[in-house]
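Please look at the sequence and the three-dimensional structure shown below.

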Amino acid sequence: MTKLGLVTLGFLLMVMPFVNADVINPGYRVIGVENKITNLNDYPDYVFVSGGDYSAGFGVSQCPIYKIESDGLVTGDYYKLCNIAVYAIKKDYFNESILNRPNVNSAEWNSYEQFVKDYFNSANVKLVINDLKTFAEVPESSTQKSIIYEHTLDLSNKNAVSKKETIRNDLIYVYIIVPIVALVVIGVILLRRRRNA
Amino acid sequence: MIYEFLLTLAIEFVILLVFFRISWFKVLGYGLAVNLLTWPIAQLVYEVYLNLLLIELGVFIAEGFLIMLLFKARFGKAFIISFIMNLLSFIAGLIILFN
């Protein structure tokens with residue numbers, strides 16, 4: 001193949017993707033994100049729920065309220081732009097009806113929304129973690145498989161201590177081994193050249 | 001992922017081919033070795049340090065030295081070629097990202 005042919009082939013390879021731009025994957029994938037509260041059992045007098053930060057804009061329709069069970073896992077289906085928060089509610093003040101979300105189009109919706117707003121403004125509901133990350137998108141080439149956030153609560157202090165752990169896929173080995181092999185090959189090329197000189 | 005790598009390799013191969021009067025097979029081999037060394041490291045660094053421009057700068061410097069050594073190019077020429085290669089692959093990456 002001539003150099004001109006190779007140059008043409010190279011440019012074709014570069015241009016080809018844009019011919020079919022509509023079906024190109026933008027190159028990102030969504031990974032699993034887990035949030036776990038590690039010391040929930042230290043506070044037996046409290047019930048913990050997750051929900052939106054209702055003072056920050058998004059309502060209870062996009063960011064519903066879920067009870068956090070004793071395993072400490074924050075579960076729930078949230079709109080990705082929700083500013084997820086964790087609240088501690090005194091057991092004797094906890095009202096199960098905040099969890100029973102009616103249909104958004106039903107007649108009860110407005111009163112439920114108002115009830116939630118008033119309930120979360122009460123002094124008996126403490127915001128203990130703000131802005132939980134529940135959604136993550138990484139480049140296709142990323143080695144990240146999932147992310148686990150572990151939060152340790154301190155109810156006397158509003159700021160929880162959070163720890164992030166990233167679980168990686170097998171690509172990490174490829175990204176480590178391949179450059180080492182390439183470095184060895186380059187070294188061998190340069191050594192042989194020096195010997196032959 | 002492989003596509004992104006091949007695109008980078010294709011761009012850099014074409015640039016190297018234009019600048020160096022040696023067999024295309026050697027150009028491909030050296031280009032492959034350079035990219036197999038720098039591309040995975042750049043991906044890994046990007047995961048912990050999100051400043052793409054600084055990572056590109058690091059790749060530009062590393063590839064400049066590798067071109068100098070492998071292609072026996074002078075310092076200035078090697079770094080001009082590395083700059084062109086990385087600028088074009090960076091632009092291609094941005095086009096794909098925002099397409």
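The account begins with the conventions and then takes up chain A, chain B and a pocket.

The model is predicted, and local features need pLDDT of at least 70, side-chain atom pairs count only at pLDDT 80 or more, and totals for chains, interfaces and linings use all residues. Residues are numbered from 1 along each chain as its sequence is written, chains are lettered from A and ligands numbered from 1 in the order in which they are written, and side-chain values use heavy atoms, with hydrogens and water left out.

Chain A contains three helices and eight strands; here helices (H or I, at least four residues) and strands (E, at least two) are DSSP runs, numbered from the N terminus. Along the sequence, these elements of chain A follow the pattern α-β-β-β-β-α-β-β-β-β-α. Of the 197 residues in chain A, 36% are buried, where buried means under 20% relative accessible area, exposed over 50%, and partly exposed in between (1.4 Å probe, protein chains only). Among the contacts in chain A with a separation of 6 or more, 71% join residues 24 or more positions apart; a contact means heavy atoms within 4.5 Å. The accessible surface of chain A is about 11,900 Å², and carbon and sulfur atoms account for 54% of that surface. Such areas come from the Shrake-Rupley method with a 1.4 Å probe, and for residues only the protein chains shown count as cover.

Val60(A) lies in the loop between β2 (46-52) and β3 (66-67) of chain A. Is Val60(A) buried or exposed? Val60(A) is buried, because its relative accessible area is 2%. Leaving aside residues up to four places away in sequence, Val60(A) touches Tyr54(A), Ile65(A), Arg101(A), Trp109(A), Tyr112(A), Glu113(A) and Val116(A). Val60(A) and Cys82(A) are 22 residues apart in sequence, and their C-alpha atoms are 9.8 Å apart in space.

Chain B has four helices and zero strands, in the order α-α-α-α from the N terminus on. Chain B is as compact as a globular protein of its length, because its radius of gyration of 13 Å is close to the 13 Å that the globule rule gives for 99 residues. That radius is taken over C-alpha atoms, and the rule is 2.2 Å times the number of residues to the power 0.38. The C-alpha trace of chain B spans about 35 × 25 × 20 Å along its principal axes. Of the 99 residues of chain B, 45% count as buried. The accessible surface of chain B is about 5,200 Å², with 78% belonging to carbon and sulfur atoms.

Within chain B, Val18(B) belongs to helix α1 (residues 2-19). Val18(B) is partly exposed, because its relative accessible area is 47%. Val18(B) and Ile81(B) are 63 residues apart in sequence, yet 9.9 Å apart in space, C-alpha to C-alpha.

The last topic is a pocket. Rolling a probe the size of a water molecule over the atoms shows where empty space is left. On a 1 Å grid over the protein atoms alone, a pocket is an open set of points where a 1.4 Å probe fits, with protein on both sides within 12 Å along at least five of seven lines, and lining residues have an atom within 4 Å of a point. The second largest pocket is lined by 26 residues, of which Ala136(A), Glu137(A), Val138(A), Gln144(A) and Ile147(A) lie nearest its centre. Elements giving two or more residues to this lining include β6 (136-139) of chain A and α2 (24-48) of chain B.
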